[in-house]
Amino acid sequence: MQVQRPQLNLWERTYLPQILKGMWLTLKHIPQRKFTRQYPEVKPVLFGDYRGAPTLVKDPDGRVKCVSCQLCEFVCPPKAIRITPGFRAEGAPDENVEKEPREFEIDMLRCIYCGFCEEVCPEEAIYLQRDFAISGYSREELKFNKQKLLELGGVREDSIWKWKYKGAPPPGTPIGPVRDGKGMEASEHH
Amino acid sequence: MNEILIHLLKIAGVIGVMLTIVAYTVMLERWVCAWMQDRIGPNRVGPFGLLQPLADGVKFIFKEDVLPHHVRHKIYFTLAPAITMVPALITIAVVPWGSYLPVFGRNIKGVLADLDVGILYVFAIASLGVYGIVLAGWASNSKYPFLGGIRSSAQMISYEVCLGLSVVPVFMQVGALNLSRVVEYQATHTWLVLCQPLSFFIFMVSAFAETNRTPFDLPEAEQELVGGYHTEYSSMKFAMFFLGEYANMFVASALMVTLFFGGWSLPFAPFNAPAVTLPVGLAHIGIFLAKVIFFLFVFIWVRWTIPRFRYDQLMALGWKVFVPLTIVNIFFTGMVIMVFFNR
């Protein structure tokens, strides 16, 4: 392809008109609206299904949902999750649940925020939250343990209460939190 | 004794004010650059980020001073930043900052050294600045600084020719080389930029080349030469180059103001005559500095607008355009003076 070069006259060939035009342009930008976001003070607006840090959630009764099936550990592409499974103590409430994680670690430096763990979890116990600024002073500090993950996750208000009922909940079961105090005891029983 | 004391005070004042302005020019550069790119710029250190230069200075002092293992001649490597910095500081001596400062019954001159060879002194000393850069490029003993040094020597030598020739018409018109005379001439007559616009334009462009500023910053072209002659420098040595560049900008601005924009004068009373009272004397210094700061802004403005020249374009512009133009300008000015003023 032949590029058509414009014929410049003498004045244009001095480059001065273009230089002056350019300087006018840059000058005009000085008072214009700035696009900088003052980050720590002004947080960015996250879009709807933003995938931030993965965390463990509790059900509306405050019970740990995770049953340490280790599916997330196996599916995790960068192997960021490490679960130490454990059996539930004899005589503990909610004996319909057999297992719970004794320790649950996510290395936030390895995590790639792919969301596979959330997708694979049969108990809907692990969710990617909206936290995006994960920082610390050492590598060890960024290996979040079970307690930290539960703190970050908090309670998830949904209708999946597998631990409360064996099999399907009886018809007419309210969707949402039912706080009878019993569940709270259970969650403290680690 | 008193004379010496006054001179020392003047030197301290001039260097102090100059270095402060230089430090703040660095910040102004970052601000203007940011504004032109729709960003905010440094605003964290102190109110509106005004303490940024201080933080930068502290950082430079405390940073590790790296001496690369391939530097063979440590003395030249160390000397180079000083040689770049010093000429910039001593050329300011002949530039008149103000007319007079009448204090305690004395009439203190607003210039450090009222030399009759003023502009020749400036060119003589300013030429030394290139040695620092060439020395840095050579002593670093690595390829990018070397290329930067080579480019710098070629560029600065060519543009020194235009720079020198471009101001000749000014002195032909004024009839003196003393910069104070030049300013007084402009105070009583008219600003020389109106009589010698071509001279001013060529002087300004050559000054950009002499101070290694965009569009002629080939010696330190960040993209191609990784910073050019100061690639291997760190800590305070790098800061010296940096300050040297901005001090050179200051001197170039001061010269433009002095030669073409009436120095300390404004074209109305009481600013169009040497000061007889202290407030006017101080106002003259203020006027001078305001004009200088405007030209510093122009330097920055041009830097963030115009892309860098190619090396052959740079040389072609210098030798094939500016040198002939300046000679024609000198000839033309001479003709006009001879024909119309019979001098």
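1. Start at Ser235(B): leaving out residues up to four places away in sequence, Ser235(B) touches Phe60(B), Lys63(B), Glu64(B) and Asp65(B). Contact here means that the two C-beta atoms, placed from the backbone, lie within 7 Å. Keep in mind that this is a predicted model, where local features need pLDDT of at least 70, side-chain atom pairs count only at pLDDT 80 or more, and totals for chains, interfaces and linings use all residues. Residues are numbered from 1 along each chain as its sequence is written, with chains lettered from A and ligands numbered from 1 in the order in which they are written.

2. Ser235(B) is part of helix 12 of chain B (helices are DSSP runs of H or I, at least four residues, numbered from the N terminus).

3. Now the largest nonpolar core, which has 80 residues. Such a core is a set of buried Ala, Val, Leu, Ile, Met, Phe, Trp, Tyr and Cys residues joined through C-beta atoms within 7 Å. Helix 12 (residues 235-260) of chain B gives the largest share, 17 residues. Another core, of 25 residues, lies apart from it and includes Val97(A) and Cys117(A).

4. Phe203(B) is one of the residues touching the most other members of the largest core. Beyond its neighbours within four places in sequence, Phe203(B) is in contact with Leu163(B), Ser166(B), Val167(B), Met256(B) and Leu259(B).

5. Between the chains, nine residues of chain B are in contact with 10 residues of chain A.

How values were computed: A residue is buried if 20 or more other C-beta atoms lie within 10 Å of its own, exposed if 12 or fewer, and partly exposed in between; C-beta atoms are placed from the backbone. Helices (H or I, at least four residues) and strands (E, at least two) are DSSP runs, numbered from the N terminus.
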